[in-house]
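This report describes selected features of the fold shown below.

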Amino acid sequence: MNDQEAFAIAVEEAKLGYKEGGVPIGAALISRDGKLLGRGHNMRVQKGSAIHHGETAALENSGRLPASAYKGATMYTTLSPCDMWYVLLLCLLTGACILYGISRVVIGENKTYLGGEAYLKQRGIEVVVMENEECRDLMELFIKEKPEIWNEDIGEEARVYSKSK
């Protein structure tokens, strides 16, 4: 499976999340030999979860695998991974990336949100940004339609506006 085919799975997941009313971020974890290990999308809204982001969903959906299954794998994600992912990365995915050897993260776009890509690079993980217009358009539409959910997802306080009397 090449990058375009694998990335298409992540985009499909993002669209599914959007249709469900959630944040449209999808992910797919692909082994070094092109096998789909896991796929998922942000389910914070759907599950009422604080931590069910797209990348963690893909990792969770990969199930219990031996460390060798992850060695050289690539995580495909439609949006630059947020800081929540990096917190989980410190606890969980750093273990997977560093201990198990996930070696690449391919990101659809990082214009609507720039996560901590530098952290991954510091850990020796290759980061590729595709600058995918479809991902950017979907995120911009979601942010316009549901800014309060977007702000919550990225840890921003919801802005409350009141009319002065």
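## Burial of strand S1

In this predicted model, strand S1 is covered on both of its faces. On one side lie Gly26, Ala28 and Ile30, on the other Ala27 and Leu29, and all of these residues are buried. Since buried denotes a relative accessible area under 20%, and five of the five residues of S1 fall in that class, the strand is largely enclosed by the rest of the structure.

## Partners of S1

S1 comprises residues 26–30 and pairs with S2 in the antiparallel sense, over five bridges. Within this pairing, glycine 26 stands opposite histidine 41 of S2, and alanine 28 has arginine 39 in S2 as its bridge partner. Five residues lie between the two strands of this hairpin; glycine 34 there adopts a positive phi near 90°.

The pairing of S1 with S3 is likewise antiparallel and runs over four bridges. Here isoleucine 30 has threonine 74 of S3 as its bridge partner.

## The sheet as a whole

Five strands make up an open sheet of mixed pairing, arranged in the order S2-S1-S3-S4-S5. Strands S2 (36–41) and S5 (126–129) stand at the edges; each has a single partner strand, so one side of each is left without a neighbour in the sheet. On average, and with direction ignored, neighbouring strands are turned by 15° against each other.

Helix H3, residues 54–61, packs on this sheet and touches S1, S2 and strand S3 (74–79). The direction of H3 makes about 140° with that of S2.

## The H1 and H7 helix pair

Helix H1 spans residues 3–19 and helix H7 residues 133–145; their axes come within 11 Å and cross at roughly 15°. Angles under 35 degrees count as roughly parallel, and H1 and H7 are therefore roughly parallel to each other. The crossing of H1 past H7 is left-handed.

From H1, the contact involves Phe7, Val11, Ala14, Lys15 and Tyr18. H7 contributes Glu134, Cys135, Leu138, Leu141, Phe142 and Glu145. Classified by residue type, this contact between H1 and H7 contains eight nonpolar and three charged residues, and no polar ones.

Key: Residues numbered from 1 in each chain as written. Predicted model: local features only at pLDDT ≥ 70, side-chain atom pairs only at ≥ 80, totals over all residues. Heavy atoms only, no water. Pairing = 2+ DSSP bridges. Axes fitted to C-alpha atoms, helices over the stretch in contact; angles between N-to-C directions. Contact = heavy atoms within 4.5 Å. Buried < 20%, exposed > 50% of the residue type's maximum accessible area, 1.4 Å probe, protein only. Parallel < 35°, antiparallel > 145°, perpendicular 65-115°, else oblique. Left-handed = near helix turned anticlockwise from the far one by under 90°. Nonpolar A, V, L, I, M, F, W, Y, C, P; charged D, E, K, R; others polar.
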